[in-house]
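I opened this entry to keep a record of what I looked up. My notes follow the model.

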Amino acid sequence: MYQLSGNCLIGQSGGPTSAINASLCGIVEQALKSKVIKNVYGAINGIEGVLKRQIFDFGSQVKTQEDFKLLKTTPAAYLGSCRYKLPAVNADAEIYERIFEVFTEYDIRYFFYIGGNDSMDTVMKLSEYAKKISYPINIIGVPKTIDNDLVGTDHTPGFGSAAKFIATTVLEIARDSNVYDLDSVTIIEIMGRNAGWLTAASALARSEYNSSPDLIYLPEVPFSIDNFIEDIKIVQKQKRNVIVAVSEGIKNVFGEYICEAVSNGLTDVFGHKSLGGTAKVLENCVRNRLRCKVRSIELNILQRCAMHMASKTDLDEAYQIGQEAVKAAENGCTGKMMVFKRDVGPEYKISIDSIDIRKIANAEKKVPREWISEQGNDISQELINYIKPLIVGEPELTMRDGLPVYLVLDTTPFSPKEREKAV
């Protein structure tokens, strides 16, 4: 089989996570071992960095085992991120011409893009254009999103660590709330625009010594304020301190976000509405109707990059899927996204494969209705069993003076001509 010979370029896009750099680490380490990949480059701020020629030599700096260990346990998007929507391939040829001009200039024959739904749209469009102009390049999408809403894969890197942080935080909030002998309601807002996987993870906080959260609301089921108030009243007959976990994206029967009452109405470049304030809206409703102590807590970005509460399973799998992406690309795979497949059986086991990017881009995986209670205020044991293995284990962090140490590199962009002079 003929293998492309040239350089590889890696980009990151979308929201940061605890595990995205573990995938980056896997790609870099595997690419440096390759016999056909000459140099390993990084694009600063995703596809925007490609357009601006913000490209640096990654492989020349990450060499030692300590470098790789630090990169794997450094949270957020090391290469920087972007939310740049490419136009349709036939709508604006100039953009694609500029991108592939850069690919040609830097002799890029392998392009790896780590991201979520919108990033996979970029992978699909670049793959289509490469095929259209017969440019020899293998383009692979590597999944990443705490939302766990990418179709085609059992779960996504980043979700397990965020789920672990959420479950731990809910447990600690419950401990805090239970010290007071008075009626109270605590509403915890968790990320999740249209899919409730993260909010469902709050149920993992339940144990033999903690029954909270008492109520869980996901965006997959229409939300009713009246039913919500009645649900709280029922729980209050059993206990004084009620803990509620709610997705930021819960909607009413008309499909309107509950938080729109306080939303600024802004949208991003992909047309997604700016959410936030759901818990505050519900806090005011509970206070007005039940006249008890009530507070709202919005986890916001805290749940994305909490490396101190990361899942070892999550980081290890993210690293492995990065490695497998390089192997797949070397074997001619292109226009695909790497995916996890879970084995059937009581023991948690996964394998890694790839799927045509056209089956993934612009689609969204939601929590199955059968994994949500009939009343829409809790989740099933099946969903808990699905999430539980993903949070197992604690990574070994490098610490200094009581704080974690993260990787620092020189990300100064270079041109191929500058590289030739340096050599």
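**Aromatic rings and charges**

I looked up aromatic pairs and found 17 in the structure. A pair here means rings of Phe, Tyr or Trp (its six-membered ring) with centres within 6.5 Å; planes under 30 degrees apart are stacked, over 60 edge-to-face, and the rest tilted. This is a predicted model, so I note the limits: local features need pLDDT of at least 70 and side-chain atom pairs pLDDT 80 or more, while totals for chains, interfaces and linings use all residues. Residues are numbered from 1 along each chain as its sequence is written, and side-chain values use heavy atoms, with hydrogens and water left out.

Which residues form one aromatic cluster? I list Tyr96, Phe100, Phe103, Phe111, Tyr113, Tyr129 and Tyr135.

Next I checked for charges over rings. The cut-off is NZ of Lys or CZ of Arg within 6 Å of the ring centre and within 35 degrees of the ring normal. Lysine 293 has its charged end over the ring of tyrosine 180, 4.6 Å from the centre. Lysine 365 lies over the face of tryptophan 197, and there the distance to the ring centre is 5.2 Å.

**The cavity**

I then turned to empty space. Rolling a probe the size of a water molecule over the atoms shows where such space is left. My search of the whole structure gave 1 cavity of 30 Å³ or more. The search runs on a 1 Å grid over the protein atoms alone: a cavity is a set of points where a 1.4 Å probe fits but cannot get out, a pocket is an open set with protein on both sides within 12 Å along at least five of seven lines, and lining residues have an atom within 4 Å of a point. Points are joined across faces, edges and corners, and a volume is the space filled by probe spheres set on them.

The largest cavity holds about 50 Å³. Its lining consists of Ser177, Tyr180, Ser184, Val185, Thr186, Lys293, Val294 and Arg295. Strand 6 (184-190) and strand 9 (293-298) are the elements that give two or more residues to this lining. Helices (H or I, at least four residues) and strands (E, at least two) are DSSP runs, numbered from the N terminus. By class I count 3 nonpolar, 3 polar and 2 charged lining residues. Nonpolar covers Ala, Val, Leu, Ile, Met, Phe, Trp, Tyr, Cys and Pro; charged covers Asp, Glu, Lys and Arg; the others, Gly among them, are polar.

**The second largest pocket**

I read its volume as about 270 Å³. It has 13 lining residues, and Ser127, Glu128, Lys131, Thr334 and Gly335 are the closest to its centre. Which element gives the most to the lining? Helix 5 (residues 117-133) does, with 5 residues. The classes are 5 nonpolar, 3 polar and 5 charged.

**The largest nonpolar core**

This core has 45 residues, of which Ile10, Leu24, Phe58 and Phe112 touch the most other members. I take a core as buried Ala, Val, Leu, Ile, Met, Phe, Trp, Tyr and Cys residues joined through side-chain atoms within 4.5 Å. Buried means under 20% relative accessible area, exposed over 50%, and partly exposed in between (1.4 Å probe, protein chains only). Helix 10 gives the largest share of this core, 8 residues.

**Backbone points**

Serine 212 and proline 213 are joined by a cis peptide bond, with omega about 5 degrees. I place proline 213 in the loop between helix 7 (197-200) and strand 7 (215-217).

Aspartate 107 has phi near 50 degrees, positive in a residue other than glycine. It lies in the loop between helix 4 (93-105) and strand 4. Aspartate 107 counts as partly exposed because its relative accessibility is 24%.

Asparagine 362 is not a glycine either, yet its phi is positive at about 65 degrees. I find asparagine 362 in the loop between strand 11 (350-356) and helix 11 (381-387).

**Single residues**

Is leucine 182 buried or partly exposed? Leucine 182 counts as partly exposed, because its relative accessibility is 33%. Its loop runs between helix 6 (159-177) and strand 6. Leucine 182 and cysteine 292 are 110 residues apart in sequence, and their C-alpha atoms are 8.6 Å apart.

Threonine 145 sits in the loop between strand 5 and helix 6. At 8% relative accessibility, threonine 145 counts as buried. From its C-alpha to that of asparagine 117, 28 residues away along the chain, I read 8.3 Å.
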